[in-house]
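Please work through the exercises below with the sequence and the model side by side, and try each task before reading its solution.

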Amino acid sequence: MKERDRLRIAMQKSGRLTEPALDLLQRCGLSFRQSRDKLFCFGEGEPVDLLLVRDDDIPSLIAQGVCDLGIVGRNVLNEFQLTAGEESPPLAELRPLGFGRCRLSIAVPQEFEYQGPQHLEGTRIATSYPGLLAAWLREKGVNAGVMTLAGSVEIAPRLGTADAICDLVQSGGTLVANQLRETDVLLESEAVLAAAGAPPADERGDMLELLLKRLDGVIQVRE
Ligand code: PRP
Ligand code: ZN
Ligand code: MG
């Protein structure tokens, strides 16, 4: 891999976390030559550059050392930790960022008589988070089929391909629109600053320290 002396942060190219993430970085005194279409934004002033990518790719970019930091949902980070395999280095959640709050929940069709996780025994559950769901099912001692879908998970029960779902809930609007009822919360999530287990041992490490100090200031002011 090419040697780097500038810190590199990966964030979501377009989606719910994009605007608040850019806003936060700006409050930390970072500014970028705007070339958002180019997916690589060169930092002016500080030696910090941005990479605009799919949120699901962010943990592996950090694990590979392509990026030093990532702004990503805890759900995506934890799912990666559970499914990446042993060769992948452990990642760290450095700071919760206080935006992009949502939860990963089980939801069932309105007519499903649900009194607890044991009612999921023998069912098929559609999700984009097979690792987190499997871990929860194991903890509850429930045997269920895990069906992985990349998106639009809420449609699966109506199609008859799943009995329940496990997906993110923010406003709850998607659940209501699809006649689903939230039953269990597996994970409370929000955007977090993610990094490799050990900070870079060169000047990037110093920049990271400075950035964390500014971030703590910005987050305190907001609270
Ligand atoms: C997310 C999530 C839920 C929905 C929750 O989907 O997967 O479907 O938003 O938000 P709500 O509770 O406010 O309705 P997204 O829109 O990102 O699309 P995708 O699932 O197809 O990726
Ligand atoms: Zn995604
Ligand atoms: Mg969705």
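This is a predicted model: local features need pLDDT of at least 70, side-chain atom pairs count only at pLDDT 80 or more; totals for chains, interfaces and linings use all residues.

Residues are numbered from 1 along each chain as its sequence is written, and chains are lettered from A and ligands numbered from 1 in the order in which they are written.

**Exercise 1. The chain as a whole**

Describe the secondary structure, the extent and the burial of the chain.

Step 1. The chain holds seven helices and 13 strands, where helices (H or I, at least four residues) and strands (E, at least two) are DSSP runs numbered from the N terminus.

Step 2. Along its principal axes the C-alpha trace spans about 60 × 35 × 30 Å.

Step 3. Of the 223 residues, 34% are buried; a residue is buried if 20 or more other C-beta atoms lie within 10 Å of its own, exposed if 12 or fewer, and partly exposed in between, with C-beta atoms placed from the backbone.

Step 4. Among contacts between residues at least 6 apart in sequence, 66% join residues at least 24 apart, a contact being a pair of residues whose C-beta atoms, placed from the backbone, lie within 7 Å.

**Exercise 2. The open sheet**

Work out the strand order of the six-stranded open sheet, and examine how β13 is paired.

Step 1. The order is β3-β5-β1-β6-β13-β7, with mixed pairing; two strands pair if DSSP finds at least two bridges between them.

Step 2. β3 (40-41) and β7 stand at the edges with a single partner strand each, so one side of each lacks a neighbour in the sheet.

Step 3. β13 (residues 191-196) runs antiparallel to β6 (residues 69-73), to which five bridges join it; in these bridges A194 is the partner of G70, and A195 that of L69.

Step 4. β7 (residues 91-96) also pairs with β13 in the antiparallel sense, over five bridges, and here A92 has A195 as its bridge partner.

Step 5. Because five of the six residues of β13 are buried, this strand is largely enclosed by the rest of the structure.

**Exercise 3. The nonpolar cores**

Which residues have the most contacts inside the largest nonpolar core, and which element supplies its largest share?

Step 1. The largest nonpolar core has 34 residues, and those with the most contacts inside it are I9, I62, I71, V72 and A194. Such a core is a set of buried Ala, Val, Leu, Ile, Met, Phe, Trp, Tyr and Cys residues joined through C-beta atoms within 7 Å.

Step 2. Among the elements that each supply at least two residues are β1 (7-12), α1 (18-27), α3 and α7 (203-222), but the largest share, five residues, comes from β13.

Step 3. A second, separate core has 22 residues, including L104, A107, W136 and L180.

Step 4. Not counting residues up to four places away in sequence, V72 touches D55, I58, P59, L77, A191, V192 and A194.

Step 5. L91, which is found in β7, counts as buried because it has 22 C-beta neighbours inside 10 Å. With residues up to four places away in sequence left out, L91 touches P59, I62, A63, L77, Q81, A194, A195, A196 and G197.

**Exercise 4. Two domains and helix α3**

Locate the two domains, and find which element gives the most to the domain 1 side of their contact.

Step 1. Domain 1 covers 7-100 + 190-222 and domain 2 covers 102-189, with bounds that come from an automatic or database domain assignment.

Step 2. Their C-alpha centres lie 29 Å apart, and the contact takes nine residues from each of domain 1 and domain 2.

Step 3. On the domain 1 side α3 gives the most, with six residues.

Step 4. In α3 (residues 74-83), seven of the ten residues are buried, namely R74, N75, V76, L77, N78, E79 and F80.

Step 5. Just after α3, G85 takes a positive phi of about 95 degrees.

**Exercise 5. The shell around ligand 1**

Identify the residues around ligand 1 and the element that gives the most to this shell.

Step 1. The shell consists of G151, S152, E154, D167, L168, V169, Q170, S171, G172, G173 and T174, where a residue counts as near if its C-beta atom, placed from the backbone, lies within 6 Å of the molecule.

Step 2. β11 (164-169) and α6 (173-177) are the elements that give two or more residues, and β11 gives the most, with three.

Step 3. By class, the shell divides into two nonpolar, seven polar and two charged residues; Ala, Val, Leu, Ile, Met, Phe, Trp, Tyr, Cys and Pro count as nonpolar, Asp, Glu, Lys and Arg as charged, and the others, Gly among them, as polar.

Notes: Two residues are in contact if their C-beta atoms, placed from the backbone, lie within 7 Å.
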